[in-house]
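Open the model in your viewer and keep the selection panel at hand. The tour moves from stop to stop by residue number.

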Amino acid sequence: MTATSDVELPDTSTIRNPATGAVAGTVRWTDPADVPRIAAGLRQAQRQWEARGAKGRAKVLARYAVWLGDHRDEIESLLIKETGKSAVDAAQEVPLLIMIASYYVKTMEKALAPEKRPAPLPFLSIKKIEVHYRPRPVVGIIAPWNYPVANALMDAIGALAAGCAVLLKPSERTPLTAELLLRGWLDSGAPEVLALAQGAREVSEAVIDNADFIQFTGSSATGAKVMERAARRLTPVSLELGGKDPMIVLEDADIDLAAHAAVWGAFFNAGQTCVSVERVYVLESVYDKFVDAVVRDVEKLKMGAGEGFDFGSLIDETQVAVTARHVDDALAKGARALTGGKRPESEGNFYPPTVLVDVDHSMLCMTEETFGPTLPIMKVASVDEAIRLANDSPYGLSAAVFSKDIERANDVAVELDCGAVNINDVISNLMCTTAPMGGWKTSGLGARFGGADGLRKYCRQEVVVAPRTNVGAGGNYYNNSPKALKRMNTLMTKLALITPKRAAK
Ligand code: NAD
């Protein structure tokens, strides 16, 4: 597991642009002692929100999606100031949110409708069995800094659609865009069922202590602490954690496509993406060709924040230090950097895109989450070796396989121990929100999205069992004679044994 930033509150409320050091804005930190009051206000407002029904809430979410579309420039410009991202990276977040909102607006009424369940045995068909999805009143969302806009809302939209109120705790490193997103929620006429708790560990803990469900995104080490804290009140958690995603390039892959994908997958958002390509295994017959194509692509990348650049700044000195440590460790153990490999003299938290070769699993860059702009490429002798090395990790978030033979790629995909595999692409599963996005091993617990499941995870199931008719209603009561009860239980056993007796033959 990566070391967690067991974060304390910054000693200033001024947030600076990590690319330039200029002031990006100021934030008012929440006093942890105020969190119970904020949560109580949400709990109160949630009742009416639930009472609006899915149709009523869909209208509100639709209006908010329109607000997001109308204010995209304003959001992205603040996002660039807060994170030092390039403009192309910053442009990815708002569209994802609108897509999520749009899908739920279309599908939420059906997804949240009570479900009829069949009788498990014919004689129980006298009962009408229904499952109702009732929102957990207050969902606490604890978010990281790498996609401050997407991380703030991609889970919140589902929770709000489900009828919950949301208490959002953005990362203390990127608190500004969340304020703008909250203003938009209220400006678009939505009720006060979304609120912020701004701060670091102590505020997070207060959120955990006052919510009915925790959706956490962050490092695996912090995820474990969140789960431990939530266990005190038996509060359920869903954890989206770190990764060390492998990419496998088979001999019959389209090498240019694989190289473009590896470069984008590794360096998009300066490598600060949970599902970024963190390590590549290439079959030896195509290794040289692949490495040349990767280096060609990387040399074209323009480094800088905002408009006109491909590759932005890292969030802060800590992320630069982790990246430098992984690169220096690899170089000291015999790896070569074909691009980058050294922090530039210029100001800001930049680290150049760094392609590493002659790497192996004795190096940190192949085993620990870097969450920075490195692309280590390892030559392998066989597909089996690639699969073995890809699975040789405590993480299991996602992976990619490149081959022109989709069936063969599929065979490799199902051998990988992770939450999702993209064939001939990277990261794209994240856009397929009808499927769950979640990690295996230390990469997570539970999943986000997944069509109707993405809403139902925020609900508790309430079962209502009613008689189909009141004539002859009743059951296993004391006022039945012991003989009658015995007959009933014998009949039930006989009926229940029909299927096992047949299946056991
Ligand atoms: P982090 O774990 O340091 O912090 C995440 C959040 O937890 C922040 O809001 C922070 O204030 C809070 N926090 C910190 N210590 C806490 C504690 N002891 N108790 C409760 N809350 C605490 O992670 P980060 O550096 O902000 O984000 C980077 C990590 O997030 C990477 O590991 C990355 O892979 C992961 N991530 C995962 C996904 C995913 O979907 N799987 C998405 C984005 C990022």
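Predicted model: local features only at pLDDT ≥ 70, side-chain atom pairs only at ≥ 80, totals over all residues.

Is Glu240 buried or exposed? Glu240 is buried, because its relative accessible area is 3%, and buried means under 20%.

**Stop 1: the annotated pair**

An unreviewed UniProt entry gives both the feature "active site".

**Stop 2: around Glu240**

Colour strand E9, residues 237–240; Glu240 lies in this strand. Now show the contacts of Glu240, leaving out residues up to four places away in sequence. One group to pick out is Gln215, Phe216, Thr217 and Gly218, which are among the residues touched. Then move to Met437, Gly438 and Gly439, also among the contacts of Glu240. Finish with Ser443, Gly446, Ala447 and Arg448, which Glu240 touches as well.

**Stop 3: around Cys274**

Select Cys274. Its place is in the loop between helix H11 (255–267) and strand E11 (277–283). How accessible is Cys274? Cys274 has a relative accessible area of 21%, so it counts as partly exposed; the cut-off for buried is under 20%. Show its contacts, again without residues up to four places away in sequence: Asn146, Leu241, Gly243, Asp245, Phe371, Leu397 and Met437.

**Stop 4: Phe371**

Phe371 sits in the loop between helix H14 (364–367) and strand E14 (374–380). Check the backbone: phi is positive, near 60°, in a residue other than glycine. Phe371 is buried, with a relative accessible area of 14%.

**Stop 5: Asn269**

Return to the loop between H11 and E11, where Asn269 lies. Asn269 counts as buried, because its relative accessibility is 3%.

**Stop 6: helix H8**

Select residues 176–187, helix H8. The twelve residues reach 17 Å from first C-alpha to last, close to the 16 Å expected at 1.5 Å a residue. Highlight the buried residues of H8: Leu176, Thr177, Ala178, Leu180, Leu181, Leu182, Gly184 and Trp185.

Definitions and conventions. Residues numbered from 1 in each chain as written. Heavy atoms only, no water. UniProt positions renumbered as here; feature names shortened; annotations may be inferred. Helix = DSSP H or I, 4+ residues; strand = E, 2+ residues; numbered from the N terminus. Buried < 20%, exposed > 50% of the residue type's maximum accessible area, 1.4 Å probe, protein only. Contact = heavy atoms within 4.5 Å. Expected span 1.5 Å × (residues − 1).
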